[in-house]
Amino acid sequence: MDANKLHLNDHISQQFNLELEDIRNKAMVMGGLVEKQVSDGLRALLEPNSELGEEVSTTDYRVNSLEVEIDEECTQILARRQPAASDLRLVVTIIKTVTDLERIGDEAEKIGRFAVSLATAQLRPGYYAELRHLGDHVKSMLHDALDAFARMDVDAAIATAAQDLKIDDEFESLSRLLITHMMEDPREVKNVLKVNWCARSLERIGDHAKNVCEYVIYMVKGKNVRHTSLDQMQELTD
Amino acid sequence: MPSSIANAAPAATAANLNDQQTQDLHQKIAATVGRIEVDDAKMSMRDVDVFYDDKHAICAVNLDIAAHEVIAMIGPSGCGKSTFLRCMNRMNDTIENCRVSGSLKLDGVDIYDKKQDVVQLRARVGMVFQKPNPFPKSIYDNVAYGPRIHGLAANRAELEEIVVTSLERSGLFAEVKDRLDKPGTGLSGGQQQRLCIARAIAVNPEVILMDEPCSALDPIATARIEELIDELRKNYTIAIVTHSMQQAARVSQRTAYFHLGYLVEVGETAKIFTYPEHKLTEDYITGRFG
């Protein structure tokens with residue numbers, strides 16, 4: 001289903017059209033903001049740039065307030081319009097999506113805070129390369145997930161959800177590497193743990209992006225593909 | 001397709017369409033989406049057509065209704081849902097210019113058979129109307145009327161038993177037990193409607209047809225009737241026509257969507273209201289322009 005095929009403007013009630021359009025737009029604005037937070041957090045970590053890290057951690061309130069605002073509007077729509085079929089699925093999808101977006105915002109905030117505390121640390125250069133690699137992958141996955149959401153594109157959602165496995169693998173191998181380094185040089189444990197937390201946050205962002213993809217599939221196909229394997233996901237949407 | 005069909009298209013959607021567009025539309029909705037058959041059919045309708053003079057009000061509708069299920073019939077005004085409901089206990093017989101064809105079976109027996117006693121049929125397939133219509137008699141006599149004319153009670157005690165049970169089942173007994181001799185018309189709207197339901201179930205029907213039973217009631221009375229519908233399902237099969245989509249979603253297990261005299265889609269209520277297959281169903285339940 002193309003986003004235009006949501007037919008949000010076809011309701012007899014013009015006001016209802018506007019309300020649905022509004023929550024969808026706001027969810028996309030929130031997605032954009034979260035994407036920027038992740039990107040800035042990662043940049044702050046890698047440059048390193050403690051000022052930017054600080055900014056990311058203090059900007060999270062905007063993500064939070066958007067979540068509350070969108071939730072409130074969705075509640076109003078449920079109470080006043082009793083949406084059905086695709087409208088109902090859209091509202092449910094948005095309620096769930098903004099929850100995951102807010103969590104992504106929290107992870108970005110954590111990365112921002114670690115960026116501040118790691119800015120003066122002497123880390124092995126290899127860590128930056130590893131984090132950059134993982135971070136780029138996560139950013140691209142988040143971008144694709146938000147894109148699939150904006151276009152209500154099931155194929156893109158499935159392809160994007162599939163990326164999560166690779167991200168999990170990358171996180172696992174980075175984590176193993178960090179454990180080895182901690183054992184080699186216990187003096188580094190504190191900082192290396194922080195690096196691990198950052199990697200963990202990136203991996204969690206991948207999980208949340210995958211959830212968004214699953215909501216897109218629910219929205220378009222009316223089928224719940226959560227907690228299924230990729231094969232089952234493909235099967236359910238065929 | 002005969003031109004009479006095109007003419008029959010009720011005004012709302014078809015008014016501004018030319019013949020070709022109307023025909024296209026009819027073609028698009030002629031085949032019902034979803035499963036019309038059920039395993040345990042109480043009523044079974046096949047190729048049902050209804051004409052009012054030359055107006056084609058119901059076009060080749062096929063539908064089964066399972067025993068102990070509540071089926072909701074929804075659709076825009078003039079879509080034929082009430083007409084279809086009224087076919088199921090031959091209420092349309094009383095309309096002079098109305099012609100019904102096709103097969104309508106109750107427990108496998110054709111209810112339009114010449115040998116079918118219509119009075120008996122209506123005792124087996126009861127009806128509750130939009131507007132509560134108690135007889136201008138006492139509460140007791142309203143309920144006792146049916147059992148009396150059908151000779152269901154051997155004596156006064158039995159009749160009283162039937163009246164009390166029916167009032168209990170319709171959830172009204174506790175409210176009226178001290179004034180059974182008072183006129184039924186003195187009750188509130190919601191109570192009157194429950195009295196009509198008690199009257200309908202007093203003759204021990206198998207199927208109850210409800211034609212917008214709550215449209216004249218306030219939300220509390222509506223909630224009581226809806227609760228009652230769920231209770232009644234244990235003993236009866238219920239077909240309900242309603243304009244309230246939320247009501248259809250709340251009370252029924254299956255939902256049938258009618259449009260321009262066609263049965264467009266039928267299926268599990270949960271599915272119809274979350275992921276309908278036909279675009280017309282989707283447009284209707286989401287309040288979009290058809």
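Residues are numbered from 1 along each chain as its sequence is written, and chains are lettered from A in the order in which they are written. In this predicted model, local features need pLDDT of at least 70 and side-chain atom pairs count only at pLDDT 80 or more, while totals for chains, interfaces and linings use all residues; side-chain values use heavy atoms, without hydrogens and water.

**Confidence**

The chain B average is 90, and 93% of the residues score at least 70. Now select residues 1-15 of chain B, where pLDDT stays under 50. The model has 20 contacts (heavy atoms within 4.5 Å) beyond four places in sequence for this stretch. Where pLDDT is low, the predicted coordinates should not be read in detail. For the model, ipTM is 0.82 and pTM is 0.85.

**Where the chains meet**

Next, show both chains: 17 residues of chain A are in contact with 12 residues of chain B. About 1,200 Å² is buried between them, 52% of it on carbon and sulfur atoms; this is the accessible area (1.4 Å probe) that the two parts lose on being put together, summed over both. Select B:R288 and A:D87, whose side chains form a salt bridge at 2.9 Å, N to O. The term asks for a side-chain nitrogen of Lys or Arg within 4 Å of a carboxyl oxygen of Asp or Glu, and the rule finds 1 across this interface. Then highlight α3 (85-118) and α6 (189-221) of chain A, each supplying at least two residues of the side that touches chain B. The largest share of that side, 5 residues, comes from α3(A). Helices (H or I, at least four residues) and strands (E, at least two) are DSSP runs, numbered from the N terminus.

**Around B:H56**

Move to B:H56 in strand β2 (residues 55-66) of chain B. B:H56 has a relative accessible area of 7%, so this residue counts as buried (under 20%; exposed is over 50%, partly exposed in between, with a 1.4 Å probe and protein chains only). Show B:D49 too: a polar contact of 2.5 Å joins the two side chains. Such a contact is a pair of N or O atoms within 3.5 Å; within protein, one must be able to donate a hydrogen and the other to accept it, and residues adjacent in sequence count only if both atoms are side-chain atoms. The B:H56 side chain also reaches the backbone oxygen of B:I58 at 3.1 Å.

**Last stop**

Finish at A:P48, in the loop between α1 (14-46) and α2 (50-81) of chain A. A cis peptide bond links A:E47 to A:P48, with omega about -20°.

Note on methods: pLDDT = per-residue confidence, 0-100.
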